Amino acid sequence: MKKLLTAAVLAATAPLALTGAAPAAMAEEAAAELKIPPPPPGKGQVLFYRTGGLSGAALGCAVFDVGAEDKLSSLGAGKYFILVSDPGPRSFTVKSLETKDALTLEIEEGETQFVRCKIKTGFMSGRADIGPSTETEFRAKHKNPKLVDAEDMSPAVKATNYPGQ
Amino acid sequence: MQPAVVAAEPAPVAAEAPVEAAAPAAETPAPAPAGLLLPKTTPLIIAIDKELGSKISVTGETFPIRLVEAVSVDGVEVLPAGITGQGEVVHAKKAGLAGAAGELVLAARYLDLNGRRIELRSFRFMEAGESSLGKGQDNTGVSNITTAVAGPIGFFIGGGNTNVLPGTVANAKTRNDELFELPAAEAPAPAEQPVQNEGG
């Protein structure tokens, strides 16, 4: 019985203890509020997220740098990922069958910005839409944020979100 | 358009003084500090002096800004209230069909101090309920058709098109360390004191 209790306590606290070591990847395991790590020195970062919901739930929200062919990542419903970037303006686009949407941000050193993706109802299929957001909005809409799976990330994004893998 | 004037090596000002003072045969008193250092990321209060909007503004458009509250270092005013500068519309998107929100992302670029460009960063509107340097002037002059979210890093987004009226107040920070000359009659400044925003 004592062993069982010890195991239960360890199982409950281990994710919290590991959060500091690999914040983004491990935080999704923690029941506690997601802790967003600061960007590396000299860099800024953007947290992309997609709210859950039935609308377009089966569709991914693929995020690209404008003009790039390879996606940065693809957001499923209720998922998020963090992109570390050099400071300065940077433009992103999301594509869906019917349309594409773009957003330019001014990335600032040492700061985290938030971008949300929505899949809106379209004529034939969902329409991906990205827009600027806030941490307040992210936390309000993302009670249980989950990190995008590693295989849905570009190598650079994966390195940020799954360090050591 | 004048080039940015940035102190070449602003940081070591205070640190180097003792080293030089300890130099051999220092007959004269320790050299006076080179000036007043306004550190990078010093918060400023900025007003937008032009109407902007997700429908009427275009990406890349510039707009005038103004320093609302003077900034002092060691009791010496280095950035007087009222100096002007420039901001830029980083992203503008009209409201679309089916409730697509209008989006407006703004950035503060610089303030002009007698031809010297003080570069800015981190243009930021205040979120509802956030305490800030704006001291209650949170987003005065912002109007839109529906509820607006005025968020960090200078953006507005609303259910309809969003307008920013002249006089809207926001925060920005200095991008670089800025070194200012001491006034002629000013005694050497003490080691280092926090920067203050005057007024309000």
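Figure 1. B:T41 is partly exposed, having 14 other C-beta atoms within 10 Å, where a residue is called buried if 20 or more other C-beta atoms lie within 10 Å of its own, exposed if 12 or fewer, and partly exposed in between, with C-beta atoms placed from the backbone. This residue is not a glycine, yet B:T41 has a positive phi of about 70 degrees, and B:T41 belongs to the loop between β1 (36–38) and β2 (43–48) of chain B. Helices (H or I, at least four residues) and strands (E, at least two) are DSSP runs, numbered from the N terminus. The phi of B:S122 is likewise positive in a residue other than glycine, near 55 degrees, but B:S122 sits in strand β9 (residues 116–124) of chain B and is buried, with 22 other C-beta atoms within 10 Å. The model shown here and in the following views is predicted, so that local features need pLDDT of at least 70 and side-chain atom pairs count only at pLDDT 80 or more, while totals for chains, interfaces and linings use all residues. Residues are numbered from 1 along each chain as its sequence is written, and chains are lettered from A and ligands numbered from 1 in the order in which they are written.

**Figure 2. The largest nonpolar core.** A nonpolar core is a set of buried Ala, Val, Leu, Ile, Met, Phe, Trp, Tyr and Cys residues joined through C-beta atoms within 7 Å. The largest such core has 65 residues, and those with the most contacts inside it are A:L47, A:F48, A:V63, A:F81, B:I46 and B:L106. Strand β8 (residues 102–113) of chain B gives the most to this core, contributing seven residues. Contact is defined by C-beta atoms, placed from the backbone, that lie within 7 Å of each other. When residues up to four places away in sequence are left out, A:L47 touches A:I36, A:Y80, A:I82, A:T112, A:F114 and A:F138.

**Figure 3. Antiparallel pairing around β4 of chain B.** Two strands are said to pair if DSSP finds at least two bridges between them. Strand β4 (residues 62–67) of chain B pairs with β2(B) in the antiparallel sense over three bridges, and in this region B:I48 stands opposite B:I65 of β4(B). β4(B) also pairs with strand β7 (residues 84–93) of chain B, again in the antiparallel sense and over five bridges, with B:T62 opposite B:E88 in β7(B).

**Figure 4. The antiparallel sheet of chain A.** Four strands of chain A form an open sheet in the order β3-β2-β5-β6, with antiparallel pairing. β3 (71–75) and β6 (100–107) of chain A stand at the edges, each with a single partner strand, so one side of each has no neighbour in the sheet. Neighbouring strands of this sheet are turned by 25 degrees against each other on average, direction ignored, the axes being lines fitted to C-alpha atoms, for helices over the stretch in contact, and angles running from 0 to 180 degrees between N-to-C directions. Within the sheet, strand β2 (residues 61–65) of chain A and β3(A) are joined in the antiparallel sense over four bridges, and A:A62 stands opposite A:S74 in β3(A).

**Figure 5. The mixed sheet of chain A.** Five strands of chain A form an open sheet in the order β8-β7-β1-β4-β9, and the pairing is mixed. At the edges stand β8 (127–133) and β9 (146–147) of chain A, each with a single partner strand, so one side of each is left without a neighbour in the sheet. Strand β1 (residues 44–50) and strand β7 (residues 112–120) of chain A run parallel and are joined by six bridges, with A:Y49 opposite A:R116 in β7(A).

**Figure 6. Confidence in the two chains.** pLDDT is the predictor's confidence in each residue, from 0 to 100. The mean pLDDT of chain A is 79, and 72% of its residues reach 70 or more; confidence in chain A is lowest in helix α1 (residues 2–19), at a mean of 49, and highest in strand β4 (residues 79–85), at 95. Chain B averages a pLDDT of 71, with 56% of the residues scoring at least 70. Over residues 128–153 of chain B the pLDDT is below 50, although this stretch has 72 contacts in the model beyond near neighbours in sequence. Where pLDDT is low, the predicted coordinates should not be read in detail.

Note on methods:
Contact = placed C-beta atoms within 7 Å.
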